[in-house]
Amino acid sequence: VVGSFLKGLQASHARLMLETFGPNVLFNISQQRDLSLALYLLGFSGSHVRELRRIHEPGSQSPAAAVASLDPDSPQEASAEASPSQSSAAEAEAAAMPADMTYLVSITARVRQSGQLRHVMESLVMPQLLDTELRLVTVRQCGLQDGGMSLGLELRCSSGESQAVMKDLLFDCHRHGFQVSLDEQAPLLSSPKGPASCWQHYFHDRHVITLVQRPVISGECLKMMFGLLSERCVNIVKIERLSVQQLAALQITVTLPRGMEVKEFQAHLLRSSREMGADVAFQRDDVDRWMRRLIVFDMDSTLIQQEVIDELAKLAGVEDQVKALTEAAMRGELNFFESLKARVALLKGHNAEELFAKVKENLVFTPGAKKLCHTLKRLGYKMAVISGGFLPVAQEVQRYLGLDYAFANTLEVDEDTGLLTGTTSGPVVTPQRKRALLAMIANVEGCEVQQTIAVGDGANDIPMLNTAGLGIAFCAKPKVQAATEFHINHQDLSAVLFLIGLSEHATERLGEDDE
């Protein structure tokens, strides 16, 4: 809720409002002037806001101009079309300005305590510092595994007494029990910013690498990963742990050097990780990662660990014939429609209700399926199963996992005898129909296809996987892995949450909210 809805409400009414609608984002047009600033309060980064402006406001002013309009004192990015005389004048003006000293300060504490950062920030505005030009340029903080805290500051000082200023700052930090290290940088000449030095460069060609290995990421795997990044001059922006109990999942945010062949680098990354028995996903760190709203699953060998047609064939006594046809179809060696027709014909004459009742009783769901679907539902995702299997089982899977849609094939049943006729009725869920159903559900739910996720394992899933914004081949056949970009080869569907940037800690918090 954006606005001032809590103003004037009694405490009980305010709590009801927050419990019903979530956080209240205070916004005052006379003070902030741009409603898009609310996006920062909701957790979007500067690059995400710029991307949203590019998509939804193509005629809006550039980000640099927008920043300048909000802060008249902010430095302007140099125009690419500036004349030589303008550039010379700017350089002369910059040379006449005093040089700034830059300090990188690392502050650590053995324990995290409420309010401890207040002491650091108070140190920046101590009375003896008020007459100096001390500016906080960048700040980053993280919690350490042993319960401690680490804070990084970039400070810029233009006073001639910068050494004395920093000495006082360090003394005050030590007085409050912090361990401090200081790195003094060379004097920085103020100059007009160019594309390579402005804050936007920090987000240029930014990608996210998700590394997953069960039960724990090995030292050899980490050596491979960081060695590869070093060889290719890939800059690591930050490393985040996604798993809780064991170091089984990492998210590494990187920026790529200009001119790098991204596809070749990604292929090398996937080959190396496969040799190590690890799963790696390589994605652009753009706003699309946070705008996904729909996920569709294949059913057989994805949400459940069986192939339904094989289970029906086992009960009907034609297991060997059907299994051979199924495996050939999943490898892409047989036309899907013809193989389905041949397999269904072998079931002719059996009681449909009895067969499906026994199959549904013995369903084995893939590890992590329930956790994944529960979490995504809490996040507001719409979910669907689109299967080349059969509708009675797909509807049971839909019920158990809380899915919103179920599409599958329908076996024709004789109305008088209740026996299978050996044919299907209605449209067959072919690979092309899977792709069309993905687009149709996205249209019904009012989201773009780019905002969808698809998960499957067979050759008949390839069109759907390559159409979705994030297509994940789950424990897939070699042909499917070769045709898709994202793979999970560990038998745990909850790993999909890592690929959308969700940590195990966040997943646990969502579960606690239900309790």
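## Basis and overall make-up

Because the model is predicted, local features are reported where pLDDT is at least 70 and side-chain atom pairs count only at pLDDT 80 or more, whereas totals for chains, interfaces and linings use all residues. Residues are numbered from 1 along each chain as its sequence is written, and side-chain values use heavy atoms, with hydrogens and water left out.

The protein chain holds 21 helices and 15 strands, where helices (H or I, at least four residues) and strands (E, at least two) are DSSP runs numbered from the N terminus. Of its 515 residues, 42% count as buried, a term that means under 20% relative accessible area, while exposed means over 50% and partly exposed lies in between (1.4 Å probe, protein chains only). Among contacts in the protein chain with a separation of 6 or more, 65% come from residues 24 or more positions apart, contact meaning heavy atoms within 4.5 Å.

Buried in H8 are Ser162, Val165, Met166, Leu169, Leu170, Asp172 and Cys173. Viewed down the axis of H8, these buried residues fall within an arc of 160 degrees, so they line one face of the helix; the arc is that of the directions from the helix axis to the C-beta atoms. Turned away from that buried side is a face with the exposed residues Lys167, Phe171 and Arg175. The cover over the buried residues of H8 includes H7 and the strands S1 (101-109), S2 (134-143), S3 (149-157) and S4 (179-184), and H8 is followed by Gly177, whose phi is positive, near 90 degrees.

The axes of H7 (residues 116-124) and H8 (residues 162-175) come within 9 Å and cross at roughly 160 degrees, with axes taken as lines fitted to C-alpha atoms, for helices over the stretch in contact, and angles running from 0 to 180 degrees between N-to-C directions. H7 and H8 are therefore roughly antiparallel to each other (angles under 35 degrees count as roughly parallel, over 145 as roughly antiparallel, 65 to 115 as roughly perpendicular and the rest as oblique). In this pair, His119, Ser123 and Leu124 of H7 meet Leu169, Asp172 and Cys173 of H8.

## Helix H9

H9 (residues 219-231) has 13 residues and reaches 18 Å from its first C-alpha to its last, close to the 18 Å expected at 1.5 Å a residue. Its buried residues are Cys221, Met224, Met225, Leu228 and Leu229. Seen down the axis of H9, these fall within an arc of 125 degrees, so they line one face of the helix, whereas the face turned away carries the exposed residues Glu220, Lys223, Ser230 and Glu231. The buried residues of H9 pack against several elements, including strand S5 (206-212) and helix H10 (262-275).

## Helix H14 between two contacts

H11 (residues 308-316) and H14 (residues 352-361) pack at an angle of about 120 degrees with their axes 10 Å apart, and they are therefore oblique to each other. Val308, Glu311, Leu312, Leu315 and Ala316 of H11 make this contact with Leu355, Phe356, Lys358 and Val359 of H14.

H14 also packs with H16 (residues 391-401), at an angle of about 35 degrees and with the axes 10 Å apart. Here Phe356, Val359 and Lys360 of H14 meet Pro392, Val393 and Glu396 of H16.

Conventions. The expected span of a helix is 1.5 Å times one less than its number of residues.
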